[in-house]
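Here is a friendly tour of one protein model, written for someone who likes cut-offs stated plainly. Have the structure open as you read.

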Amino acid sequence: MRRDHYGGLIVVSRISSFFSSKAGNFRSQFRLLCIASNSFTTTHTFSPLLRQCIDERWLPGIKTIQAQMLKYGFPIQLSGSKLVDVGLKCGEIGYAREVFDEMPERHIVTWNSLIAYFIKHRRSKEAVEVYRLMITSNVSPDEYTLSSVFKAFSDLGFEKEAQRSHGLAVVLGLEVSNVFVGSALVDMYVKFGKTREAKLVLDRVEEKDVVLITALIVGYSQKGEDAEAVKAFRSMLGEGVQPNEYTYASVLISCGNLKNVSNGKLIHGLMIKSGFDSALGSQTSLLTMYLRCGLVDDSLWIFKCIEYPNQVTWTSLISGLVLNGREEMALTEFRKMMRDSVKPNSFTLSSGLRGCSNLAMFEEGRQIHGIVTKYGFDRDKYAGSGLIDLYGKCGCSDMARSVFDGLNEVDVISVNTMMYSYAQNGLGREALELFERMMNLGLQANDVTVLSVLLACNNSGFVDEGCEFFESFRKGKVVLTNDHYACMVDMLGRAGRLDEAERLVNEVVNPDLVLWRTLLSACKIHRNVEMAERLKRKILEMAPGDEGALILMSNLYASTGKWNRVIEMKSDMRGMKLKKSPAMSWVDVDRETHTFMAGDLFSHPNSEQILETLEELIKKAKKVGYVEDKSCVFQDMEESAKERSLHQHSEKLAIAFAVWRNAGGSIRILKNLRVCVDCHSWIKIVSRVIKREIICRDSKRFHHFRDGSCSCRDYW
DNA sequence: TTAGGGTTAG
């Protein structure tokens with residue numbers, strides 16, 4: 001390059017030829033010029049270069065020129081707006097802010113750009129600070145400012161300030177005339193949970209568009225005002241506004257919550273027609289809708305059509321399958337997701353864990369715990385609650401507690417889960433201590449809290465305490481449901497306070513079958529035939545042929561020796577084609593689940609060994625005092641046959657199998673019905689004989705058998 | 001040169 005005192009101009013002309021060239025080329029030439037030429041000495045040289053750098057939003061170039069200009073003492077007369085703009089676009093917020101702060105006057109666009117940058121990067125506090133500075137500098141915000149800043153207010157929960165700015169938007173006429181401002185306001189009120197206000201804003205906006213209406217639908221959907229969401233969707237169609245993938249995504253969730261398949265299918269059709277059925281977000285909602293409506297097959301078909309399911313899609317599938325009682329399939333899908341290298345998040349993990357806890361799959365759950373740890377969700381409240389639930393439902397309250405103590409945030413749900421775990425495992429005192437702590441923390445109790453407290457009292461036999469709690473809950477904020485009453489009825493009923501229990505049922509506005517059946521089962525325990533018959537009539541009026549009631553009656557007649565009535569009941573049941581569901585037990589040995597059915601002695605491949613071991617165990621148990629309790633046999637048969645029938649209960653078979661396989665550790669049994677008195681006393685003795693803990697989860701609660709006694713203290 | 005909405009959970 002030629003250097004003379006005209007050098008600057010020569011450089012300029014050369015540079016001009018670079019203007020049309022591509023960015024990369026320009027930049028490398030620029031660097032060369034910086035190194036090779038000391039001709040950057042006139043403003044003529046700087047200006048075009050600077051313009052090019054700005055056009056290319058190339059901050060390092062700008063900075064170099066600025067440094068040069070400073071070096072040669074040229075005044076910097078640059079447009080601050082441009083520099084801020086370039087700074088923001090290059091992500092150099094420090095630089096942009098520096099320039100911004102030095103500007104004596106700022107264009108409104110510059111204010112807006114800075115606010116928008118902070119909001120985009122979720123730095124709401126700084127956005128609001130700039131906005132406040134704007135107001136105190138007497139710069140009037142415009143539609144761009146307001147449509148941005150409302151998001152920051154909702155993010156920070158600044159309701160009062162938000163209302164003042166809303167007032168400003170009204171004064172400026174922007175609330176009505178600018179749909180961006182309107183949408184931002186709707187979105188903000190939705191995030192504050194104020195759908196009524198959001199709707200009022202929407203109604204005032206002159207020209208409604210898809211985003212505005214969708215924001216409101218989202219609000220309704222997220223707040224559980226699902227019927228309103230569907231209504232808003234309909235009126236949107238009526239007004240001729242075309243929904244898009246976001247709209248479909250939200251309204252479908254509401255259809256799912258309403259279990260309104262017909263609407264859901266209609267909307268599915270609209271989606272296909274308008275071509276929005278291939279967007280992942282709306283596909284995921286479609287999947288969720290079908291799952292919440294219980295149409296598992298349809299949802300699997302939808303899932304199959306999704307080419308690249310993401311984390312959310314997988315989670316939706318897994319949680320939906322668990323919701324529909326398809327835990328095994330949910331876990332298979334969970335494993336498939338991991339194989340496809342899609343990372344789970346805390347939602348996914350908690351869904352997977354719930355699948356395990358429903359089936360008390362301890363080993364499988366432990367493996368997911370490993371994944372929870374691997375991805376760093378150990379202290380997360382969602383995954384954590386899943387773990388607490390798992391360990392609670394597997395009978396390991398200690399492990400549940402250690403997860404609970406490690407959480408980085410305790411909320412109502414995690415405390416509830418922990419309390420419920422204690423309650424199920426008969427650790428009532430621990431549950432109540434936690435309840436007290438929760439009150440001290442100022443956490444608001446909800447319906448699950450109330451249920452956990454009552455269940456804790458029920459399962460631990462704290463009847464008087466339970467009644468006291470119940471009375472105070474009645475005066476509290478939580479609306480009591482039939483479930484709460486059922487728990488109390490069970491508690492009073494089991495304690496033999498049948499009249500009180502019946503009075504309580506009569507106090508309920510809409511007593512359901514569960515309540516009456518609970519009372520009936522208390523009659524069975526206390527062998528109150530007269531009251532039971534009265535209740536049976538009532539239940540059969542409500543639900544002719546109710547299986548639960550008939551079985552309870554038949555067992556009650558059997559336990560009071562009224563065999564003729566038993567035969568009558570059984571033939572009635574046969575007439576109605578009702579069959580008692582078979583008693584089943586499941587036991588996990590070496591990560592495999594084995595199923596046993598009462599009375600089924602031959603279908604297991606190891607039947608011979610199982611029966612041998614069982615005989616051995618019964619013999620040993622008898623030596624230390626086990627005597628069959630034949631009152632548990634609800635069939636009229638000879639005494640020896642009764643004994644045989646008792647020996648064939650599914651949990652006895654399952655335990656014998658586990659003992660034969662001699663896998664270490666505790667024996668974990670899951671049962672579909674409740675444990676009978678005979679098995680209960682037998683297992684107590686066996687736990688001492690074999691010196692192993694046996695944990696049995698029946699349909700209602702846990703029994704931890706250890707060294708001859710059970711955690712339920714024989715009260716269940 | 002500046003602006004708005006979604007899908008998964010206990």
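R565 counts as partly exposed, at 31% relative accessibility; here buried means under 20% relative accessible area, exposed over 50%, and partly exposed in between, with a 1.4 Å probe and protein chains only. R565 forms a salt bridge with E533, with 3.5 Å between the closest N and O atoms. A salt bridge is a side-chain nitrogen of Lys or Arg within 4 Å of a carboxyl oxygen of Asp or Glu. This pair links distant parts of the chain, 32 residues apart, since R565 is in helix α35 (residues 563–575) and E533 in helix α33 (residues 529–542). Helices (H or I, at least four residues) and strands (E, at least two) are DSSP runs, numbered from the N terminus.

A word on the ground rules: this is a predicted model, where local features need pLDDT of at least 70 and side-chain atom pairs count only at pLDDT 80 or more, while totals for chains, interfaces and linings use all residues. Residues are numbered from 1 along each chain as its sequence is written, chains are lettered from A and ligands numbered from 1 in the order in which they are written, and side-chain values use heavy atoms, leaving out hydrogens and water.

The structure holds 34 salt bridges, and these are some of them:

| Pair | Closest N and O atoms |
|---|---|
| R565 and E533 | 3.5 Å |
| K231 and E228 | 4.0 Å |

K231 and E228 are three residues apart in helix α15 (residues 226–238), so about one helical turn separates them. K231 is exposed at 53%, whereas E228 is partly exposed at 32%. E500 and R497 are both partly exposed, E500 at 31% and R497 at 26%. Elsewhere, K381, E409 and D411 are linked in a salt-bridge network.

Now for the sheet. Six strands form an open sheet in the order β2-β1-β3-β4-β5-β6, with mixed pairing; two strands pair if DSSP finds at least two bridges between them. Because β2 (592–597) and β6 (709–710) are at the edges with a single partner strand each, one side of each has no neighbour in the sheet. Strands β3 (residues 667–671) and β4 (residues 694–697) pair in the parallel sense over four bridges, with I669 opposite C696 in β4.
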